[in-house]
Amino acid sequence: DVIALQEKYGELKEEFKEELKRIVLEKKQTAPKEEKKEKPNLCPRKKKIMLFLKDKGRAQVGDVSKLFPGVAKRTLRRDFLDLIEKKLVERIGEKNDTYYSLKE
């Protein structure tokens, strides 16, 4: 009886191993692949804006315009909108109380 039990145990153990392998393989095939976060290709001005926000924490367009004296505030606002669309920056507040900060 003991030998028969040991043989049956060995068979069940092998079946269990094979079933476990099948389940793991199935999960790997059906699991969604992790998307690699691509670093967005930013122009030098936007990179400088990002560095400024990283250093200061948050900023208004007027603060950033001091870095780029020849660039219109409207252009900087468009830069911020692009950074928001790329989910790199978030807008906080409204009108004259608008600040931008890096998105976490």
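**Terms and the values behind them**

Author: The charged end of Arg58 sits over the ring of Tyr99, 3.8 Å from its centre; a charge is said to sit over a ring if NZ of Lys or CZ of Arg is within 6 Å of the ring centre and within 35 degrees of the ring normal. This is a predicted model, in which local features need pLDDT of at least 70 and side-chain atom pairs count only at pLDDT 80 or more, while totals for chains, interfaces and linings use all residues. Residues are numbered from 1 along each chain as its sequence is written, and side-chain values use heavy atoms, with hydrogens and water left out.

Reader: What makes the pair of Phe80 and Tyr100 stacked?

Author: Rings of Phe, Tyr and Trp (its six-membered ring) pair if their centres lie within 6.5 Å, and planes under 30 degrees apart count as stacked, over 60 as edge-to-face and the rest as tilted. The ring centres of Phe80 and Tyr100 are 4.0 Å apart and the planes stand at 10°, so the pair is stacked. Phe80 belongs to helix α4 (residues 73–85) and Tyr100 to strand β3 (residues 99–102), so the pair ties together parts 20 residues apart in sequence; helices (H or I, at least four residues) and strands (E, at least two) are DSSP runs, numbered from the N terminus.

Reader: Why is one side of β1 and of β2 left without a neighbour in the sheet?

Author: The open sheet of three strands has the order β1-β3-β2, with antiparallel pairing. Both β1 (58–59) and β2 (89–92) stand at the edges with a single partner strand each, so one side of each has no neighbour in the sheet. Two strands pair if DSSP finds at least two bridges between them, and β2 and β3 are joined by four bridges. Within this arrangement, Arg91 stands opposite Tyr100 in β3.

Reader: How do you know that Glu94 is exposed?

Author: Exposed means over 50% relative accessible area, buried under 20% and partly exposed in between (1.4 Å probe, protein chains only). Glu94 has a relative accessible area of 62%, so Glu94 is exposed, and this residue is found in the loop between β2 and β3. Phe80 and Tyr100, by contrast, are both buried.

Reader: Which residues touch the most other members of the largest nonpolar core?

Author: Of its 15 residues, these are Ile49, Val64, Phe80, Leu83 and Val89; such a core is a set of buried Ala, Val, Leu, Ile, Met, Phe, Trp, Tyr and Cys residues joined through side-chain atoms within 4.5 Å.
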